[in-house]
Amino acid sequence: MPPRPRFDRRAPVRELPNINDRINYPQLRVVDSDGAQLGVISREEALDVARDRELDLVLVSEKADPPVCRIMDYGKFKFEQEKKAKEAKKKSHQTEVKEVKMRYKIDQHDYDVRIGQAQRFLKAGDKVKCTVIFRGREIQHTALAETLLRRMAKDLEEKAEIQQAPKREGRNMIMFLTPRKTPLVKKEDKEQAANKAVRTIPAPPKPTAAKVASPQG
């Protein structure tokens with residue numbers, strides 16, 4: 001019988017950053033905190049410069065010849081990097097499809113709850129699958145289900161646009177909504193903008209006849 005594998009209770013080894021005394025290359029190309037080139041200097045000289053300025057010597061390119069280091073505030077640099085990573089993670093939101101289910105005979109309170117759910121999903125950047133479920137002979141009322149879904153799309157039109165119109169699928173009728181990318185311009189807003197765009201140009205004044213001086217005498 002093979003021996004049972006031993007459980008390693010040791011903490012995982014953390015990869016420490018290559019800064020200050022952890023940098024072991026004898027010659028380094030050093031860049032100042034403001035981007036100025038300090039040239040190729042020894043490791044000890046670079047560390048002395050960093051200490052004099054109360055900053056850190058950070059290895060930024062190990063594969064260069066000689067390796068490149070930069071003098072900077074490593075704590076501030078690490079904070080900014082983590083902040084950028086969090087922002088990038090927020091922007092790279094993976095779109096999901098969230099479902100809102102209901103019956104075609106739904107009452108107003110439950111309908112408002114479904115609208116609230118859909119609004120939260122859309123605000124998070126997700127698509128919404130609106131599903132009307134039929135039971136038994138309710139399948140005969142697909143027209144009422146479609147009317148309900150159209151009503152929902154209308155109530156959510158400021159936040160969503162229809163990706164797939166109401167469609168029967170088995171014993172359900174479904175509709176897909178996707179977050180609206182461009183602001184909705186309502187009909188009355190279009191009419192107001194059109195009225196503002198119309199400019200009344202006054203007619204030019206008629207030229208007045210020059211007075212002719214009559215000869216005296």
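**Note on the strand pairings and the helices packed on the sheet**

1. In this predicted model, L59 has C69, a residue of β4, as its bridge partner. That pair belongs to an antiparallel pairing in which strand β3 (residues 56-61) and strand β4 (residues 68-72) are held together over 5 bridges, and the link from β3 to β4 is a hairpin of 6 residues.

2. A further part of the model is an open sheet built of 4 strands, whose order is β5-β6-β8-β7 and whose pairing is mixed. The edges of the sheet are taken by β5 (97-102) and β7 (160-169), each of which pairs on one side only, and from one strand to the next the twist averages 20°.

3. Strands of a sheet are paired through backbone hydrogen bonds, and the pairing may be either parallel or antiparallel.

4. Helix α3 (residues 108-123) lies across β5, β6, β7 and β8 (172-179), and its direction makes an angle of about 175° with β5. Helix α4 (residues 142-155) also packs on the sheet, where it touches β5, β6, β7 and β8, while its direction stands at about 10° to that of β8.

Notes:
Residues numbered from 1 in each chain as written. Predicted model: local features only at pLDDT ≥ 70, side-chain atom pairs only at ≥ 80, totals over all residues. Heavy atoms only, no water. Pairing = 2+ DSSP bridges. Helix = DSSP H or I, 4+ residues; strand = E, 2+ residues; numbered from the N terminus. Axes fitted to C-alpha atoms, helices over the stretch in contact; angles between N-to-C directions. Contact = heavy atoms within 4.5 Å.
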